[in-house]
Structures are given as structure tokens and as C-alpha cells.
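I opened a new model today and kept notes as I went. The entries are in the order of my look-ups.

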Amino acid sequence: MKISIFKISLNTLALMLMVYSSFTLAGCEQKEKVLDVETPSGELEIERDKSDGSVGVELNKKE
């Protein structure tokens, strides 16, 4: 009896992990790099989201 409960709970846990991983992989954002500029004083990255066309800008200054 104890072994069957253990197997059921282990199978349930494995199923929950598979479902969780499939949902997290399906929700990944697809972005393409439009511009990537590296200078001695910093770095500029511009990315565009493929699904809705929104643009994101990231500026990193070197210290």
C-alpha cells in the first residue's frame, strides 16, 4: 500500500514538472537584435519583439 502511494505521488510530481516546463518554454519572448554597438565608454543594444513589433533599448556604461 505504501509503495503504490509513493509511485502515484512520484508520477504526479513528474507530470507536474513536465507541464510546468512546457508552459515556461512556450512563453519565451522572441526578440531579434536590431543594433548592437560597442564603444570604449559603453554598449548600446536595440531589440525588436517579433510578435508585436515593440522596440527595447538598453544602454550600459562602462565604469
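The notes below run from the overall fold to single residues.

**Ground rules.** This is a predicted model: local features need pLDDT of at least 70, side-chain atom pairs count only at pLDDT 80 or more, and totals for chains, interfaces and linings use all residues. Residues are numbered from 1 along each chain as its sequence is written, and side-chain values use heavy atoms, with hydrogens and water left out.

**Entry 1: overall.** I listed the secondary structure and got 1 helix and 3 strands. Helices (H or I, at least four residues) and strands (E, at least two) are DSSP runs, numbered from the N terminus. Along the sequence the pattern reads α-β-β-β.

I then looked up burial. Buried means under 20% relative accessible area, exposed over 50%, and partly exposed in between (1.4 Å probe, protein chains only). Of the 63 residues, 6% count as buried. The accessible surface comes to about 5800 Å². Carbon and sulfur atoms hold 62% of that surface. These areas come from the Shrake-Rupley method with a 1.4 Å probe; for residues, only the protein chains shown count as cover.

I also checked contact range, where contact means heavy atoms within 4.5 Å. Among contacts with a separation of 6 or more, residues 24 or more positions apart account for 0%.

Two strands pair if DSSP finds at least two bridges between them. I found 8 bridges joining strand 1 to strand 2. A hairpin through 2 residues connects strand 1 and strand 2. Across this pairing, lysine 33 stands opposite glutamate 47 in strand 2.

Strand 2 (residues 42-49) pairs with strand 3 over 7 bridges, again in the antiparallel sense. This hairpin has 5 residues between its strands. Glycine 53 sits in the turn with a positive phi of about 80°.

Next I checked cover on strand 3 (residues 55-61). The strand is hardly covered: the count of buried residues among its 7 residues is 0.

Entry 2: I traced the bridge partners here. Glycine 42 has lysine 61 in strand 3 as its partner. Glutamate 43 lies in strand 2, and its bridge partner in strand 3 is asparagine 60. Leaving aside neighbours within four places in sequence, glutamate 43 contacts Asp36, Val37, Glu38, Glu58, Leu59 and Asn60. I also took a distance from glutamate 43 to lysine 62, 19 residues apart along the chain: their C-alpha atoms are separated by 7.8 Å.

**Entry 3: salt bridges.** How many salt bridges does the whole structure hold? The search finds 2. The criterion is a side-chain nitrogen of Lys or Arg within 4 Å of a carboxyl oxygen of Asp or Glu.

One joins arginine 48 to glutamate 32, with the closest N and O atoms 2.3 Å apart. This pair links distant parts of the chain: arginine 48 is in strand 2 and glutamate 32 in strand 1 (residues 31-39), 16 residues apart. Arginine 48 is partly exposed at 30% relative accessible area. Glutamate 32 is partly exposed too, at 28%.

Lysine 33 and aspartate 36 form a salt bridge, with the closest N and O atoms 3.7 Å apart. Lysine 33 is partly exposed at 48%. Aspartate 36 is partly exposed at 36%.

**Entry 4: a charge without a partner.** Aspartate 49 is in strand 2. Which side chain of opposite charge is nearest to aspartate 49? I get lysine 31, at 6.1 Å. Aspartate 49 is buried yet has no salt bridge. For charge, Lys and Arg count as positive and Asp and Glu as negative; His and the chain ends are not counted. Beyond neighbours within four places in sequence, aspartate 49 contacts Gln30, Lys31 and Ser54.
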